[in-house]
Amino acid sequence: MKQEWPLWEVFIRGQHGLSHRHVGSLHATDAEHAIQNARDVYTRRKEGVSIWVVPAAQITASSPDDKEALYDPADDKVYRHPTFYDIPDDVGAM
Amino acid sequence: MYAQMIKSEATQDDPEKLAAFQARIDAGDKIEPKDWMPAGYRKTLIRQIGQHAHSEIVGQLPEGNWITRAPTLERKAILLAKVQDEAGHGLYLYCAAETLGVSRDELTEMLLDGRMKYSSIFSYPTLTWADMGAVGWLVDGAAIMNQVPLQRTSYGPYARSMVRICKEESFHQRQGFDIMMKMANGTDAQKRMAQDALNRFWYPSLMMFGPSDKESVHSEQSMRWKIKMNSNDELRQKFVDQTVPQAEYLGLTVPDKTLAWNEEKGGYDFAEPDWSEFFDVLKGNGPCSVERIEARQKAWDDGAWVREARMAHAAKKQAAKVAAE
């Protein structure tokens, strides 16, 4: 029987309360094994305090071909940013 | 470098798509796994990242050779940590290569049957403890020269693995120089050992950058695709200019009688390594080439039952879990 260990994506949360961040992938036979491997491969220098592992096959990703349809609508909505509004200096910090 | 003499693949894609792809690269876009890419770009990258990964893995062998014989417990712990890092670097790179549609097993098999190479430098033996110093200082130093610019390479997963690797690589070079300082300031015998290590590793380190690629069409294509950032000569010059003053600091002599500062170019003139030796090593005729592949083959064969047993155990656990639900 010859079968490659499945691929897992690894997410690590650092020390300072930020979200888990994708750091890379690795092969492991199950979730527990993936956590053990992630610890050895991705946290040798105290890079994190929490690890998430997700089977790569379970991730649904947006298609690069849909880039325009998904993100272009935001192009003409500059009013969603605070810098769109001119507030006079006299008003003070806002 | 860790990837040497990488042939770029000719590409026969739709010219319009090719132009759009090149425009993205020229604009500094990162190419991601699901994006369209020319077949040649994909193939060349698999070869390059694969060879880079193999070099990290095979590169563990010459250093692993000294773990049990490190002179102090602290040196042993440091060397273990370094060799473990190299394994990690190999893993980051294998994963980057896998995003291009090649499997881990295929990559391993291509190394073992000689279809893929690893860097020429790891076919040289590590004969004394001073070699651990020389490898860290020179070999990792040369690797850094190449890997720092590769953090900006066009392929996203490759660039990201380089960022991680570069963060860790600086420790490798510094621990090597630290060993060299200790040896160079030690007894006469230790100093001789340090000089001998420099003598043996100097030219093989210069070879790591590969022969001049001024005229190479492969390099030209790879540079256009931003999977190669600098010419081989450019990086080699940078390495020599950086390393010679460090050797002087150590009180060691670079084994090159022609070495001289050239005011006009603002760099050193130096002798080229023996390129026929380089080609011979790359063909698999280096002093340790056979031993290295034998060691990898043995690890692959001896580990087969572990790989299978872990899969079987995971399947059993999963079945028990399903039955309990």
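1. Starting inside chain B: Val83(B) touches Gln60(B), Glu63(B), Gly64(B) and Ile67(B), leaving aside residues up to four places away in sequence; contact here means heavy atoms within 4.5 Å. Val83(B) sits in helix H4 of chain B, residues 73–98, where helices (H or I, at least four residues) and strands (E, at least two) are DSSP runs numbered from the N terminus. With a relative accessible area of 9%, Val83(B) is buried; the scale is buried under 20%, exposed over 50% and partly exposed in between, with a 1.4 Å probe and protein chains only. Val83(B) and Tyr2(B) are 81 residues apart in sequence, and their C-alpha atoms are 16 Å apart in space.

2. Some housekeeping before going on. This is a predicted model, in which local features need pLDDT of at least 70 and side-chain atom pairs count only at pLDDT 80 or more, while totals for chains, interfaces and linings use all residues. Residues are numbered from 1 along each chain as its sequence is written, chains are lettered from A and ligands numbered from 1 in the order in which they are written, and side-chain values use heavy atoms, with hydrogens and water left out.

3. Arg292(B) is in helix H12 of chain B, residues 289–302, and counts as buried at 5% relative accessibility. Not counting residues up to four places away in sequence, Arg292(B) touches Val58(B), Leu61(B), Pro62(B), Tyr118(B), Phe122(B), Tyr124(B) and Pro125(B).

4. Now the interface. On the contact count, 26 residues of chain A meet 24 residues of chain B. The size of an interface is often given as the accessible area lost when the parts come together. For chain A and chain B that comes to about 2,100 Å², 49% of it on carbon and sulfur atoms; buried area is the accessible area (1.4 Å probe) that two parts lose on being put together, summed over both. Glu4(A), Arg44(A) and Arg45(A) supply 25% of the area that chain A buries against chain B, more than any other three residues.

5. What does the polar side of this interface look like? The rule finds six salt bridges between chain A and chain B, each a side-chain nitrogen of Lys or Arg within 4 Å of a carboxyl oxygen of Asp or Glu. One of them joins Arg44(A) to Asp85(B), with the closest N and O atoms 2.8 Å apart.

6. Which elements make up the side of chain A that touches chain B? Strand E2 (21–27) and helix H1 (31–42) of chain A each supply at least two residues of it, and the largest share, six residues, comes from H1(A). By type, the residues on this side of chain A divide into ten nonpolar, seven polar and nine charged. In that tally Ala, Val, Leu, Ile, Met, Phe, Trp, Tyr, Cys and Pro are nonpolar, Asp, Glu, Lys and Arg are charged, and the others, Gly among them, are polar.

7. Two backbone spots deserve a glance. Most residues other than glycine have a negative phi, and most peptide bonds are trans. Lys46(A) has a positive phi, near 55 degrees; Lys46(A) is in the loop between H1 and strand E3 (50–55) of chain A and is exposed at 65% relative accessibility. Phi of Lys226(B) is also positive and near 55 degrees. Lys226(B) lies in the loop between helix H9 (217–224) and helix H10 (232–250) of chain B and is partly exposed, at 26%.

8. On to the rings. Over all chains there are 15 aromatic pairs: rings of Phe, Tyr and Trp (its six-membered ring) pair if their centres lie within 6.5 Å, and planes under 30 degrees apart count as stacked, over 60 as edge-to-face and the rest as tilted. Phe177(B) and Tyr249(B) have ring centres 6.3 Å apart and planes at 35 degrees, so this pair is tilted. Phe177(B) in helix H7 (residues 156–184) and Tyr249(B) in helix H10 of chain B are 72 residues apart, so to speak distant parts of the chain linked by the pair. Phe177(B) is buried at 17%, whereas Tyr249(B) is exposed at 62%.

9. Phe209(B) and Phe239(B) form a tilted pair as well, 5.5 Å centre to centre with 50 degrees between the planes. Phe209(B) is in the loop between helix H8 (188–207) and H9 and Phe239(B) in helix H10 of chain B, so the pair ties together parts 30 residues apart in sequence. Phe209(B) is buried at 3%, and Phe239(B) is buried at 0%. Elsewhere, Phe21(B), Trp36(B), Tyr41(B), Tyr155(B) and Trp225(B) form one aromatic cluster.
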